[in-house]
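Q: Could you walk me through reading a structure like this one, feature by feature?
A: Gladly; let's have it in view and take your questions in turn.

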Amino acid sequence: MIVLKYIAFALTSIIVGLLFMGLGRKYSARIHRRYGPPFWQSYLDVIKLFSKTSISHHWVMDFGIMMGLAGILATIAFLPIGPFHLFNSMNGNIIIMLYFMTIGYLGMAMGVSASGNPNSAIGIARALTLMLGYEIPFVIVVISLIFINKSSLLSVMVANQAGGFLHWNMIRYPLGFIAAEMALQGMLGEKPFDAMIAPSEIASGPMVELSGKMMGLGFLQHAAQIFLETAIITSLFLGGSSNVWIFFLKMFVLYLVSLSINAVSARFKFENAVKWFWKWPMALSLAQLLIVIL
Amino acid sequence: MIANLFLITLITAFVGLIIGGKLKWLRWVLFTGLLTFLSIRLWSFYGNWGYTEVYKVLSLGNLNFTIHLGITKLGWFFAFFTTIINLIISIFSIQKNLREKDEWGIGVLWMILAGANIAIFMSLDWITFFIAWEVMTWTSYFIITPGWKKSFKAANYYFLLSMFGTYAMIIGIWWLFSNPSIHTLNIAQSISGLARYWHVSPWGAGTVSLLFVTAFFAKSAVFPFHPWPAEAHAEAPDDFSPYLSGIMIKYGLYGVVLFIVPLFIQLQKFGFNGATVHGIPLLSYLLAWVGAITAVWGTYKAIVSNDMKRLAAWSTVANIGYATTGIFILSSNGVTGGIFHIVNHAIFKSSIFVALAAVKYRTHERDMHRLGGLATKMPITFLTFLLGIIAAAGIPPMNGYASKWLIYQALLSGKFPFLTTMIFIASTGAFMYLYRALHSIFLGQLPEKYKNVKEVPVLMQIPMLLGMLLMIGIGVFPGYVLRPIGQIVKSLGLVPMHVTNTTMFAFLSNVNALVVFNMFSLSFAFAFVLYLLGKRRHHVEPLDNYTAGQNPKDFGMTTEMYHFALKFYEPFANLFKSVRIGMRYFYDALVRDANLIGKSFASMFTSSTMVSSMLFIGGIVTVIIVGWLL
Amino acid sequence: MVLEMAHGTFACATFNRDFIRGVDMLITSRNDLRDNGWERILNYFRKKSMWMLHYCTGCGAMELPPTMTSRWDMERFGIGPMATPRQADLLLVTGYLSIKSLKRVIYTYEQMQDPKWLIAFGSCPLNGGIYYDSYTVINRLALYLPIDLSIEGCMPRPEAVINGFNTLMKGIEKGTAVGYKKYKENYEWYKKNQDAILNRTKPVFDSGVKS
């Protein structure tokens with residue numbers, strides 16, 4: 001039973017994540033005044049990728065890329081998706097989730113650096129440095145929310161925001177919300193924080209040697225990651241929802257905000273991005289924390 | 001019963017001393033045998049809590065020097081797990097020392113060290129503790145430097161810092177004994193005595209506890225003493241580094257749990273009239289901050305280091321920082337988490353160091369940028385290292401996660417937001433340097449000269465396999481370790497946390513480690529099915545890479561050149577350039593001034609016989625006058 | 001716009017006879033190489049999502065930015081630029097190919113994963129264009145790599161490019177755009193041609209780098 005439920009969770013996250021990507025591409029195209037691809041384009045891309053042959057330099061590459069997807073999907077097992085959840089006692093345990101996500105990053109990093117291309121290693125080095133930048137403000141925000149709710153469960157935080165728009169943490173703790181939103185931009189790797197991908201500079205960084213189904217698995221990981229990260233912010237600040245469709249809608253709105261910034265920004269040098277993260281979101285999150293504990 | 005262990009250890013060491021020539025491999029087999037015997041004996045001690053042995057050594061007037069040995073829950077636990085880990089490492093040493101030249105002294109001293117290790121954990125009074133501590137310091141000093149110039153410098157550095165700590169400790173012990181209201185050498189009595197004295201004179205008692213803290217922190221490389229592991233762990237013999245980093249660095253924290261933590265807990269319980277922060281004494285809070293600073297500083301140094309053993313040593317410093325912070329929170333979760341992290345760190349860090357020793361055994365190389373791509377050649381070593389870094393980064397299915405999670409629970413439920421943030425910074429940074437090590441050593445391009453490297457022999461693989469088993473086992477079933485720790489926590493006077501074999505219950509949330517593990521396996525199976533659905537993959541050569549259309553062989557590109565590993569995080573390090581330069585000026589100025597003062601002192605004694613003899617006479621006169629006045 | 005589906009249709013025996021001494025090209029009928037069954041279903045997805053790598057050798061590259069961006073927007077057909085050959089399905093050779101860059105094109109093409117398509121863009125890869133008599137430029141790309149589609153013009157406008165992509169899509173759907181299979185089958189023939197021409201690019205002076 002729990003296995004079937006888990007598979008439903010995993011498939012939902014992938015399908016919804018891919019849908020978001022497709023809709024997002026259409027949205028960006030409209031900002032650019034283009035027609036844009038159909039919204040189901042991401043599904044076509046994934047199936048095409050799985051229908052191509054692929055190369056691997058090393059068994060670690062295959063292993064790492066599977067581990068990357070597995071890490072994100074395993075995190076989703078602990079995520080409350082609207083009214084649904086897998087485990088009662090660990091329903092959205094944010095500390096587990098923050099750590100479990102890293103196994104996804106580690107898997108991906110291991111897989112791509114096994115390919116032996118220096119571009120991929122440079123990309124990962126940038127991504128990890130950037131991670132040190134955005135994780136810290138984000139974690140400070142999470143800590144202040146844990147203090148407020150006296151629990152590290154997302155489900156409890158969602159329950160505490162019940163009762164309409166004005167009870168959302170977004171309204172009650174606006175500084176923290178802005179800091180988290182800035183961190184989300186870095187987490188999703190959208191511009192101006194996409195120095196780790198940088199196609200024209202380091203040939204798409206981590207993905208440089210991925211082909212066929214390896215790329216396909218990476219694509220799925222990215223889709224699941226979009227789903228996971230927007231869902232976490234939705235539960236933390238936008239009051240979650242007991243209706244799964246409204247929940248998805250809130251997540252999508254967050255994603256669109258991120259894409260809107262992406263569509264009109266240029267790329268930050270990643271050292272500057274780290275500095276920026278340690279300046280503005282950090283200041284906002286610390287201010288929020290001080291407001292909470294004083 | 002306990003003394004017999006030391007007798008047998010000494011006899012074995014003596015046998016090891018006289019073995020030589022062709023039979024020298026026997027010395028290391030003997031070492032493994034000794035450790036097996038010790039582990040079995042220690043296992044049989046389980047449950048004899050409160051058992052003591054007293055030996056009268058000598059009496060001077062009304063001073064009786066006695067040796068008190070006994071089995072406490074805390075001591076037994078530490079003695080048992082350190083001996084087991086030492087046993088695992090010793091299997092590696094058998095193979096490693098077959099062709100070593102200078103292993104004669106190492107083997108014998110290490111046997112004595114294994115005995116001193118147990119003596120530290122079994123001693124009940126300060127004199128015994130101090131003797132065992134000294135034996136441990138001296139033997140380890142000679143093991144680190146078996147006659148090599150480079151390691152001699154490192155060992156001296158280590159030894160000086162240890163000496164500093166030892167002096168602090170002996171002053172503290174003398175003070176405890178000479179103070180009329182405490183006047184005891186027994187450890188348990190001195191705790192309650194000092195706690196009572198705290199109400200009389202907080203500053204005096206605080207200073208004494210700080211003396212002990214200095215001694216313990218010097219051994220454990222906590223903040224002001226943090227640089228020694230990077231020197232000593234890196235230069236020590238490769239098979240001794242796991243022991244040094246896994247076990248020896250924990251003695252300080254053992255001392256903290258033995259003496260300082262019960263002291264603070266007693267203060268907390270029987271009303272504390274000093275300053276408190278969130279319910280814990282101010283001193284304890286400050287020491288928790290020292291731990292957090294150690295964690296962050298160790299992480300930063302690990303990120304910017306290029307030598308693989310140095311990187312692992314800095315990582316040890318960072319992990320000691322976590323444990324220190326957890327322990328000084330003084331809550332049940334914190335102390336449990338701290339002790340649990342000590343155990344976990346001992347397991348994963350000795351596995352990591354064993355894997356690094358295996359790499360060095362085959363390649364004789366320590367600089368990470370000269371290695372690369374070894375995962376194909378040494379799969380077992382690679383897997384050990386991989387699981388080790390997953391555990392060290394605190395990622396769920398491995399053991400490091402459980403203890404870090406407990407420390408977080410303690411920090412969050414005790415309302416320490418800034419400490420939590422510091423620990424989190426260190427933890428995210430840990431991911432950076434661990435990945436860097438994994439990439440530079442095992443992934444990327446395999447240098448041409450290591451084309452024929454083979455996996456290490458079976459005898460070296462056994463400890464790695466055991467290490468992996470322990471890491472996964474404790475990660476999935478933390479309850480088996482947490483229950484004995486719960487007993488220790490109870491004996492310290494705290495309420496032990498509620499655990500089952502797989503689930504940890506805490507104030508904020510619970511974690512079922514088995515479910516976490518199953519979820520990961522399930523997800524991996526899911527990803528694997530997707531992988532199988534895709535079209536066939538084929539293998540290509542490492543140099544068949546995207547190079548913007550240029551065939552790398554055409555322009556003389558070699559695998560060494562195509563491996564990105566040197567200055568991996570240089571842009572990150574450059575972020576702190578201004579701070580670093582400022583620090584360097586400060587240290588340079590410090591060294592210059594110290595040298596100047598030292599030189600002027602030296603010149604007083606060396607410039608002329610007149611001046612130096614007058615100084616000598618003046619000194620003696622001063623001593624005599626001061627002696628009369630007092 | 002004249003668009004030529006080049007696979008299997010051109011004869012090779014008469015042109016540049018001295019390159020192909022000894023080995024004859026196997027002329028396989030299109031039907032033998034054609035995709036069938038399950039592959040035809042997958043071909044639907046392949047044609048809807050083509051990621052391209054444009055090899056910017058010449059002036060043709062200039063025509064691609066307007067094709068990609070707001071004015072003509074080729075993303076509406078699911079076509080997008082990619083950074084490396086590993087990820088790409090389409091290889092665009094945009095303009096004249098000097099002999100030195102031919103070597104890189106071949107290396108790139110071989111790094112791409114099946115199924116893959118090669119588009120010769122502009123006149124130069126077809127017949128040399130204005131460089132027809134240059135000693136450093138090859139005249140016919142089809143001798144060295146299997147071209148799936150040629151887009152004529154000097155340069156073809158974005159409309160022509162998009163029209164070309166659509167033609168290729170039709171071919172993919174029918175399962176007839178199988179240049180990569182032809183390359184595998186006639187590898188010996190192509191290799192011989194390639195070697196013959198690439199031997200002319202031996203370095204003139206020794207740069208000191210050992211290869």
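Q: What distance separates the centres of domain 1 of chain B and domain 2 of chain B?
A: Let's begin with where the domains lie. This is a predicted model, and in it chain B is divided into domain 1 (1-130) and domain 2 (581-629). Taken over C-alpha atoms, their centres are 43 Å apart.

Q: How do the axes of helix α1 and helix α2 of chain A cross?
A: For a helix pair, look at the approach of the axes and then the angle. Here α1 (residues 2-31) and α2 (residues 41-50) of chain A have axes that come within 7 Å and cross at roughly 120 degrees. Angles of 65 to 115 degrees count as roughly perpendicular and those over 145 as roughly antiparallel, so α1(A) and α2(A) are oblique to each other.

Q: Which residues make that contact?
A: From α1(A) come A:Leu18, A:Met21, A:Gly22 and A:Arg25, and from α2(A) come A:Gln41, A:Ser42, A:Tyr43 and A:Val46. By class, this contact has four nonpolar, three polar and one charged residues.

Q: How many residues does the contact take from chain C and from chain A?
A: Chain C contributes 17 residues and chain A contributes 27 residues. On the chain C side, seven are charged, six polar and four nonpolar.

Q: Which elements of chain C have the lowest and highest mean pLDDT?
A: Strand β1 (residues 3-5) has the lowest, 40, while helix α6 (residues 158-174) has the highest, 89. Over residues 1-21 of chain C the pLDDT is below 50, and this stretch has 36 contacts in the model beyond near neighbours in sequence. Chain C averages a pLDDT of 78, with 80% of the residues scoring at least 70.

How values were computed. Residues are numbered from 1 along each chain as its sequence is written. Chains are lettered from A and ligands numbered from 1 in the order in which they are written. This is a predicted model: local features need pLDDT of at least 70, side-chain atom pairs count only at pLDDT 80 or more; totals for chains, interfaces and linings use all residues. Two residues are in contact if their C-beta atoms, placed from the backbone, lie within 7 Å. Ala, Val, Leu, Ile, Met, Phe, Trp, Tyr, Cys and Pro count as nonpolar, Asp, Glu, Lys and Arg as charged, and the others, Gly among them, as polar. Domain bounds come from an automatic or database domain assignment. Axes are lines fitted to C-alpha atoms, for helices over the stretch in contact, and angles run from 0 to 180 degrees between N-to-C directions. Helices (H or I, at least four residues) and strands (E, at least two) are DSSP runs, numbered from the N terminus. Angles under 35 degrees count as roughly parallel, over 145 as roughly antiparallel, 65 to 115 as roughly perpendicular and the rest as oblique. pLDDT is the predictor's confidence in each residue, from 0 to 100.
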